[in-house]
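User: I should like to learn how to read individual features of a protein model. May we proceed feature by feature?

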Amino acid sequence: MYKYFIIGIMTISCVNLLGQIPVLKYTNANNDWKGDSLGNHRAIVQMKTKSDVAKVVIPWRRRDENPQQKGVIVVDAQTNQIIQNVLLKDISREEGTVYFEPVSGVGKYYVYYMPYHLKGTYYPKTIYYKIKNTADENWLNKTSKPTAQAVCTEIQSVNEFNSFYPMEVIATQKETDELIKKNNDKSFLVFPEDRLHPIKMANDLPYRWIEKGVQTSFKGEALRGENFAYQLGIYPVKKDLKNVHVEFSDLKSTSGAVLSKSVMQCINTTGVNWIGIPETFIVNVPQKKVQALWCTINIPENAKAGVYSGTVKVSAEGEQSTTINFSLKVNNKIIKDNGVDEPWKQTRLTWLNSTLYEKNTVIPPYIPLHKSGDEIALLGRKVTIAKTGFPAQMQSFFTQEMTGIGNQPKDVLTEPIHFHFTKIDGKEIKFNSAPIDYTEQSEGTISWQVKNTSQEIEMDVTGSLEFDGFMNFTVKVIALQDVDFKGTALHIPFQPSVTKYILGLGNIGQKRPDSIAWKWHVDTLNQDGAWLGDVNAGLQYSLRDEHYVRPLNTNFYLQKPLLLPDSWGNENKGGINISQKGKAILADNYSGARSMKKGDTLYYNFRLLFTPFHALDTKSHFANRYIHKYINTDTAKALGATVINIHQGTQINPYINYPFILNKEMKAYIDSAHRNNQYVKIYNTVRELSNRAYELPALFSLGTEIFSPGKGNGYAWLCEHLDSNYIAGWYTPEANDAAIVQNGMSRWHNYYVEGTKWLVKNVGIDGLYLDDVAFDRDIMKRVKRALLQNNHPGLIDLHSANQYDKADGWNNSAMLYMELFPYLNRLWFGEKFDYENNSKDFYLTESSGIPFGLMGEMLENNGNAWRGMLYGMTDRLLWFDNADPRPLWKVWDDFGIGDAKMIGYWVDNNPVKTDNEDVPVTIYKKDKSVLISLASWAKTDVNIHLKIDWKALGINASTATIVAPEIDKFQPARTFKIDEAIPVEKNNGWLLEVK
């Protein structure tokens with residue numbers, strides 16, 4: 001790292017004889033120097049005469065603020081040595097004067113500006129070198145005398161991606177003022193711009209617009225069927241603009257053909273949100289700021305070739321509109337798939353407003369809903385609706401093994417879910433309920449509404465149940481007169497048998513405590529409900545109001561936390577108490593005392609997830625062997641892997657959550673895997689987005705809709721090419737890939753769905769690897785439909801770093817992502833999970849996925865192999881260099897575990913137990929043989945005895961053998977007698993085969 005700095009002196013800016021700052025040639029190097037030390041930009045200077053002091057004026061036209069605070073490094077190109085005798089004067093964003101000692105005399109010198117170094121690796125901070133004196137005093141004295149004039153010949157970036165040219169080369173203040181003066185009759189200027197020159201600056205005009213001047217017309221060219229895009233740069237010169245909007249006319253050709261304005265839109269002012277609801281956006285533009293408006297034309301394939309003309313009118317509240325004469329040449333060729341194979345032409349911007357796969361069709365393995373009276377049947381479960389509109393009863397038919405669906409129901413509730421509205425005098429409000437009105441009855445959704453009335457308030461309930469077990473309730477409470485409440489509460493009366501375990505409300509996965517008292521603290525706690533359940537029946541609920549906005553997660557919760565619900569939170573008077581009350585375990589969700597005036601409205605909304613979602617698919621789980629490494633597909637096959645996960649930051653998927661650049665290379669790899677009968681899944685999620693995304697400038701033009709506001713910094717590219725209102729995300733050093741944190745739910749999720757469909761169709765991906773996510777179940781359903789198109793396998797596995805920490809608001813990964821579980825094929829929970837010190841209840845509820853119909857794998861330090869086998873979990877091949885489940889895979893194959901019935905230690909009638917409750921047993925049962933997995937949570941080494949129901953196993957004890965096969969790094973070979981004590985080391989276990 002270079003540690004030489006320069007002294008700076010501020011004086012008046014230098015200009016040429018005409019008073020204009022010239023524009024130099026801009027070129028790109030081929031990563032010829034190290035950005036982390038010298039910076040990403042340099043001026044190339046020619047010295048034509050010998051002298052002790054050279055002076056050069058560099059018209060760098062910089063977009064960064066406060067350049068006078070940043071150092072400069074001068075390097076002798078002939079020796080590649082840093083020159084220490086350097087002096088800076090007259091440093092501004094427009095230009096700077098640099099004096100230096102031309103040590104090698106005549107020749108080339110490099111002036112590196114914005115030198116920096118990075119602090120940190122995956123979440124780096126860019127620290128720009130300050131100006132510091134390293135010059136010799138005698139040499140400094142010479143700078144006051146006449147000096148030799150050096151010439152700056154070009155501005156060069158370390159590579160093309162870091163270049164500022166042309167849209168980040170700023171206009172000078174004088175040039176900007178002169179342009180405004182020429183157009184002093186306008187309150188705002190409009191700069192039409194083509195799609196290949198995305199507008200990137202908000203605080204400056206690009207010099208390109210000075211060269212072109214203010215244009216009143218625009219010409220474009222496209223193909224039939226193409227998604228054509230262009231920009232309108234809005235620049236208020238006299239005052240702030242309010243409610244800027246765009247009006248399109250039809251475009252007409254000389255032959256009379258018409259492109260209807262109905263195929264045109266401005267993505268900044270109109271759109272469709274992630275659940276298919278049309279939206280309009282108010283665009284306000286501050287004075288002397290640049291706002292890009294991106295406009296699209298979806299040219300029909302049947303459009304006639306020709307030149308189409310019309311107008312685009314830009315208006316703002318109280319201002320005279322500006323009309324741009326618009327001309328579009330449509331060539332005769334029809335482009336494939338609307339041109340989306342060329343995203344650098346911004347052809348995918350229309351994806352932001354996509355409604356693809358919005359229809360709530362049933363997704364396998366789920367079955368259509370069936371309604372009979374007020375009973376609704378769904379896969380493995382049944383829900384009965386009470387007259388109030390809330391669930392009267394919920395029943396699960398999943399067996400305790402979780403491998404099938406039985407005939408015996410397991411009730412979740414002791415009585416219907418209900419509200420209590422208690423007046424100040426202690427009296428309960430009684431409601432009269434109108435008949436249930438079923439407003440939708442489709443295979444995927446059944447919805448209803450009920451009006452509950454009393455003298456004091458009206459409670460309008462809108463409920464829905466979907467095919468996967470998700471229920472949503474909008475509870476609108478309207479005051480019909482002034483009323484004071486002592487309290488308001490939602491009561492969920494659970495059967496004790498389905499509250500064995502708990503997640504949420506500050507509890508890690510564990511046995512439910514006898515009592516829980518919880519209060520709202522949204523500033524630090526990402527908590528708004530709980531999951532209470534047993535393995536084969538449970539219920540997650542969360543409390544919300546009409547203002548709910550998804551918070552950030554995965555390291556960033558504190559920067560955008562939950563909003564306190566007006567209803568449930570009630571100025572932090574609300575909370576949740578869970579304890580025994582009569583025959584029930586009562587979840588008392590209270591909001592405290594409050595007053596309502598006549599006409600006041602509150603929303604006591606809540607959501608339910610009825611678990612489990614489906615039975616375990618053990619056969620598929622044990623057959624699909626995952627490798628998590630970019631590796632030759634033949635090598636992966638030789639290692640026994642059937643599913644290859646391609647992480648971000650790899651050669652064919654280098655850019656995080658933007659797998660659209662090296663598609664040919666990715667497809668070639670996937671084709672190779674398919675020839676080996678292997679699946680390939682790629683890392684692609686929504687949480688943060690690579691700075692390599694072609695659409696990045698357009699996305700930033702949408703304000704904070706796509707990207708979360710923040711304090712900026714991060715990797716140098718972000719600092720130099722974005723304004724400061726962003727949160728820097730993950731950085732991949734190997735790819736110089738810097739991510740920006742996204743802002744919860746947005747139209748980018750529509751793009752994500754379309755992008756998934758495109759990847760399946762054009763690249764052949766078999767699924768997605770999700771690494772913590774920032775989207776909800778509505779998007780997950782759409783993504784799953786996209787992955788399953790045309791009978792593709794549609795595999796999804798979800799990894800999560802343990803969310804139970806300060807930065808994530810003390811949430812549980814399983815609690816946070818449970819709404820996505822119905823569409824996953826595997827869990828990988830995960831990073832920062834402690835497999836040595838957490839209980840078997842934690843394993844079961846937080847890591848295994850079994851209470852939800854899923855199975856998983858372990859990550860942190862490769863997990864605990866003995867404990868993992870109780871749940872069918874291993875580590876993942878080659879995630880770490882020493883991650884190797886192959887010895888266990890061999891035992892699985894030798895035994896034939898895919899054809900065995902898994903009976904977990906949680907099953908009451910498990911035929912095999914031990915005499916030590918801290919050493920549980922899960923078995924994999926076949927006809928006449930069984931594989932016994934046992935693992936210890938005892939505090940010391942112990943000896944245990946097996947307690948075997950031989951009849952249930954169908955094995956004759958007198959002829960049975962108990963053999964521990966040798967398994968590398970797991971256990972030695974050993975044979976045990978039927979009644980022999982089995983030694984179990986602390987935190988270890990055995991895998992035993994009984995025949």
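User: How does one judge the length of helix H8, residues 663-675?

Analyst: The structure here is a predicted model. A helix can be checked by comparing an expected span with the distance between its ends. At 1.5 Å a residue, the 13 residues of H8 should span 18 Å, and the end C-alpha atoms are 18 Å apart, so the two values agree.

User: Which residues of H8 are buried, and what covers them?

Analyst: Burial is read from relative accessible area, and a residue under 20% counts as buried. In H8 this applies to Asn663, Met666, Tyr669, Ile670, Ser672 and Ala673. Their cover includes helix H7 (633-638), strand S50 (643-646), strand S51 (679-683) and helix H11 (748-762).

User: What follows H8?

Analyst: Here one looks at the backbone angle phi. Asparagine 677 follows H8, and its phi is near 60 degrees, a positive value in a residue other than glycine. Asparagine 677 belongs to the loop between H8 and S51. With a relative accessibility of 69%, asparagine 677 counts as exposed, because the cut-off for exposed is over 50%.

User: Does the same length check apply to H11, and is H11 enclosed or exposed?

Analyst: For H11, 15 residues at 1.5 Å each should span 21 Å; the end C-alpha atoms lie 20 Å apart, which agrees. Since 13 of its 15 residues are buried, H11 is largely enclosed by the rest of the structure. Glycine 764 follows H11, with a positive phi near 90 degrees.

User: How do H11 and helix H12 (residues 777-787) pack?

Analyst: Packing of two helices is described by an angle and a distance between axes. For H11 and H12 the angle is about 15 degrees and the axes are 8 Å apart. That makes H11 roughly parallel to H12, because angles under 35 degrees are given that description. The crossing of H11 and H12 is right-handed. On the H11 side the contact is made by His749, Asn750, Tyr752, Val753, Thr756, Lys757 and Val760, and on the H12 side by Ile779, Arg782, Val783, Ala786 and Leu787. Sorted by class, the contact of H11 with H12 has seven nonpolar, three polar and two charged residues.

User: Where are the cis peptide bonds at proline 365 and proline 612?

Analyst: The angle to read is omega. The bond from proline 364 to proline 365 is cis, with omega near 10 degrees; proline 365 sits in the loop between strand S26 (322-334) and strand S27 (370-372). Threonine 611 and proline 612 are also joined by a cis peptide bond, with omega about 0 degrees. Proline 612 is in the loop between strand S48 (605-611) and helix H6 (618-623).

User: Is aspartate 90 buried or exposed?

Analyst: Aspartate 90 is buried, as its relative accessible area is 6%. Aspartate 90 lies in the loop between strand S7 (86-89) and strand S8 (96-100). Although aspartate 90 is not a glycine, its phi is positive, about 55 degrees.

User: What is serine 157 in contact with, beyond its neighbours within four places in sequence?

Analyst: A contact list shows which parts of the chain meet at a residue. For serine 157, with those neighbours left aside, the contacts include Thr27, Trp33, His41 and Phe164. Serine 157 is in strand S13 (residues 151-157) and counts as buried at 3% relative accessibility.

Definitions and conventions:
Residues numbered from 1 in each chain as written. Predicted model: local features only at pLDDT ≥ 70, side-chain atom pairs only at ≥ 80, totals over all residues. Heavy atoms only, no water. Helix = DSSP H or I, 4+ residues; strand = E, 2+ residues; numbered from the N terminus. Expected span 1.5 Å × (residues − 1). Buried < 20%, exposed > 50% of the residue type's maximum accessible area, 1.4 Å probe, protein only. Contact = heavy atoms within 4.5 Å. Axes fitted to C-alpha atoms, helices over the stretch in contact; angles between N-to-C directions. Parallel < 35°, antiparallel > 145°, perpendicular 65-115°, else oblique. Left-handed = near helix turned anticlockwise from the far one by under 90°. Nonpolar A, V, L, I, M, F, W, Y, C, P; charged D, E, K, R; others polar.
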